Every structure is written in C-alpha cells, then in structure tokens.
Amino acid sequence: METKIYRIIDANLNRFKEGIRVVEDIQRYIFDDKELSLKLKNLRHLGNLKSLKLQINCLNSRDANLDVLKKSIDLELQRKDLSSVLTANLKRSQESARVLEEIFKLIDLKLSQVFKNARYELYNLEKEILTKFLERSKIGDNPII
C-alpha cells in the first residue's frame with residue numbers, strides 16, 4: 001500500500017509542476033510578464049522534494065507503463081484558444097495540489113500544509129492571470145485569442 005501512496009504523490013507532483021510550467025511559459029514568452037512568471041516559477045519549485053528519501057520512494061513507485069488512464073480522452077486533446085490552455089493547466093495544478101494536500105496528511109503534515117497554501121496561491125494567480133488575459137484581449141494586445 002505504501003508504494004501506491006508514493007505513486008499518487010509522484011504523479012501529482014509531476015502534474016502540479018507541469019501545469020504550472022505551461023502557464024509560466026505563456027506568461028514569460030507570450031506576454032513578457034516577469035512578475036507573474038516569477039510567481040509561477042517560485043510556486044512550481046515547491047514541487048521539488050527536498051527529502052531524498054521521499055524522492056527515492058516516489059521514483060521507486062513510478063510505473064507509467066501500468067497507468068490505466070495514460071491515454072488521453074478526446075476532451076483533453078482539444079484546446080480552442082490560449083485562454084483554454086491557461087485554464088486547463090491552472091485547474092490541473094490546483095487539482096494536483098489538492099490531492100497532494102490530502103495524501104500528505106498520511107505521511108507529512110507540513111507538506112500537506114505546503115500544498116494547501118500552494119492551492120490557494122494558485123486560485124489567486126488564476127484570477128490575476130485570467131483577468132489580465134481578458135484585459136489584453138479587449139485592447140487587442142493578445143496575439144492568440
């Protein structure tokens with residue numbers, strides 16, 4: 001059972017960081033927004049485990065070949081615009097932070113709180129990012145709507 005717990009942690013740490021990275025790169029390379037890019041980068045680095053034991057447990061539990069849902073469903077393959085890419089990846093990271101918050105309650109309460117705080121920070125960043133996105137699209141400063 002312990003191996004399965006670390007498999008959940010490993011998968012959700014990856015999702016957490018990957019989702020943030022997509023949003024970070026959009027803010028950095030499309031909008032040249034240093035402030036938001038830096039906030040996202042700092043948040044993404046929370047997913048880098050400092051405990052070597054935890055890292056090893058996660059890596060040892062990883063088995064992507066046996067993941068029963070690794071194939072994408074049609075809905076996951078569709079993005080209609082940059083806003084949908086931002087939203088999907090922000091939600092992905094928020095959901096992963098929630099899973100990590102709950103699962104870490106079983107093994108490390110401090111990490112549980114770290115990911116609870118990260119989830120709320122993602123909620124705030126989502127509001128800031130999407131508000132700015134809408135403002136940019138209204139003034140025609142948005143290259144991809």
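User: How many aromatic pairs turn up in a search of the whole structure?
Analyst: The search finds 4; rings of Phe, Tyr and Trp (its six-membered ring) pair if their centres lie within 6.5 Å, and planes under 30 degrees apart count as stacked, over 60 as edge-to-face and the rest as tilted. Bear in mind that this is a predicted model: local features need pLDDT of at least 70, side-chain atom pairs count only at pLDDT 80 or more, and totals for chains, interfaces and linings use all residues. Residues are numbered from 1 along each chain as its sequence is written, and side-chain values use heavy atoms, with hydrogens and water left out.

User: Why is phenylalanine 104 called buried?
Analyst: Buried means under 20% relative accessible area, exposed over 50%, partly exposed in between (1.4 Å probe, protein chains only). Phenylalanine 104 has 0%, so buried it is. Phenylalanine 115 is also at 0%, hence buried.

User: How do you know that tyrosine 120 and tyrosine 123 are edge-to-face?
Analyst: The ring centres sit 5.4 Å apart with the planes at 85°, so the pair is edge-to-face.

User: And why is tyrosine 120 called partly exposed?
Analyst: Its relative accessible area is 42%, so tyrosine 120 falls in the in-between range. Tyrosine 123, at 33%, is partly exposed too.

User: What sits over the ring of phenylalanine 31?
Analyst: The charged end of arginine 136, 4.0 Å from the ring centre. The rule asks for NZ of Lys or CZ of Arg within 6 Å of the ring centre and within 35 degrees of the ring normal.
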